[in-house]
Amino acid sequence: MATYVRVVDAVNHRIGRIMMYGVFVMMAILLWSSISKTFFLPSLWTLETAQFAMVAYYIMGGPYSIQLGSNVRMDLFYGSWSIRRRAWFDSFTVLFLIFYLGVLLYGGIGSTAYSLGHWGDEPIGFLSQIVGGFFTGGTDGAAEVIGRAERSPSAWRPYLWPIKTVMCFGIFLMLLQAVSELFKDIACLKGYEWGRQADVA
């Protein structure tokens with residue numbers, strides 16, 4: 001458990017610190033959007049690119065937010081509880097989060113498979129065929145499996161599978177972090193020192 005917590009927390013800590021700079025990416029995109037509309041022809045790609053950047057910023061930064069405990073919650077009673085009582089409460093409520101993230105991840109995988117041209121009932125099998133095709137035949141092997149890729153209905157019409165893949169990866173990292181938080185609560189209840197203070201260096 002301690003090894004799992006250290007590895008997951010370290011990975012999400014580093015990704016979260018990198019994603020903090022995503023706000024500057026969004027600012028740059030929106031600044032260019034304003035400049036292009038004022039002095040040049042408006043860029044078709046700026047609005048959706050800013051939306052994609054916001055989604056990546058939010059989803060990929062989510063695990064780090066969970067790790068820091070900066071997610072929104074009602075502290076009316078929780079704030080005055082002892083550390084052990086909080087651990088009891090958290091170890092129960094985090095199970096709902098794990099279930100929710102599991103359902104969300106499965107739905108995200110299905111949506112990603114759909115964006116790559118799969119309309120069947122086995123999205124995981126379809127994605128594994130793409131990965132297998134890539135390892136056996138490179139990009140051509142993967143392209144043989146992929147169907148008609150989903151595109152945005154906007155004038156720019158970008159492909160949607162890249163951002164959906166990012167969303168699945170971020171949800172997966174959040175799921176790993178939620179399990180890490182469960183392990184921390186269990187350790188806290190058992191009296192281990194690293195309970196809520198896992199090393200992320």
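Visitor: Which residues have the most contacts inside the largest nonpolar core?

Guide: Bear in mind that this is a predicted model. The largest nonpolar core has 13 residues. Those with the most contacts inside it are Ile98, Leu101, Leu105, Ile171, Met174, Leu175 and Ala178.

Visitor: Which helices supply at least two residues of this core?

Guide: They are α3 (46–68), α5 (83–115) and α7 (161–190). The most comes from α7, which gives 6 residues.

Visitor: What does Leu101 touch, not counting residues up to four places away in sequence?

Guide: Leu101 touches Ile171, Met174, Leu175 and Ala178.

Visitor: Switching to charges. How many salt bridges are there in the whole structure?

Guide: A search finds 3. In one of them, the side chains of Asp9 and Lys184 meet at 2.7 Å, N to O. That pair links distant parts of the chain, 175 residues apart. Asp9 sits in helix α1 (residues 2–19) and Lys184 in helix α7.

Visitor: Are Asp9 and Lys184 buried or exposed?

Guide: Both Asp9 and Lys184 are buried.

Visitor: What else does Lys184 meet in a salt bridge?

Guide: Glu181, at 2.9 Å, N to O. Lys184 and Glu181 both lie in helix α7, 3 residues apart, about one turn of the helix. Glu181 is buried too, like Lys184. Shared partners join Asp9, Glu181 and Lys184 into one network.

Visitor: And what does Glu150 pair with?

Guide: Glu150 forms a salt bridge with Lys164, with the closest N and O atoms 2.9 Å apart. Glu150 is in the loop between α6 (123–145) and α7, and Lys164 is in helix α7, so the bridge ties together parts 14 residues apart in sequence.

Visitor: Why does Lys164 count as buried?

Guide: Because its relative accessibility is 15%, and the cut-off for buried is under 20%. Glu150 has 22%, so it is partly exposed.

Visitor: Now the outside. Which residues form the nonpolar patch on the surface?

Guide: Leu31, Trp32, Ile35, Phe39, Phe40, Leu41, Leu44, Trp45 and Trp156. Together they have about 990 Å² of accessible area.

Visitor: Where is Trp45?

Guide: Trp45 is in the loop between α2 (22–39) and α3. Trp45 is partly exposed, at 33% relative accessibility.

Visitor: How many aromatic pairs does the structure hold?

Guide: It holds 6. Among them, Trp32 and Phe40 are stacked, 5.9 Å centre to centre with 25° between the planes.

Visitor: Which relative accessible area does Phe40 have?

Guide: Phe40 has 51%, so it is exposed. Trp32 is partly exposed, at 35%.

Key
Residues numbered from 1 in each chain as written. Predicted model: local features only at pLDDT ≥ 70, side-chain atom pairs only at ≥ 80, totals over all residues. Heavy atoms only, no water. Core = buried A, V, L, I, M, F, W, Y, C linked by side-chain atoms within 4.5 Å. Buried < 20%, exposed > 50% of the residue type's maximum accessible area, 1.4 Å probe, protein only. Helix = DSSP H or I, 4+ residues; strand = E, 2+ residues; numbered from the N terminus. Contact = heavy atoms within 4.5 Å. Patch = residues over 30% accessible without salt bridge, like charges linked within 9 Å, V, L, I, M, F, W, Y side chains within 5 Å. Areas by Shrake-Rupley, 256 points an atom, 1.4 Å probe, with all protein chains shown as cover. Salt bridge = Lys/Arg side-chain N within 4 Å of Asp/Glu carboxyl O. Phe/Tyr/Trp six-rings, centres within 6.5 Å; stacked < 30°, edge-to-face > 60°.
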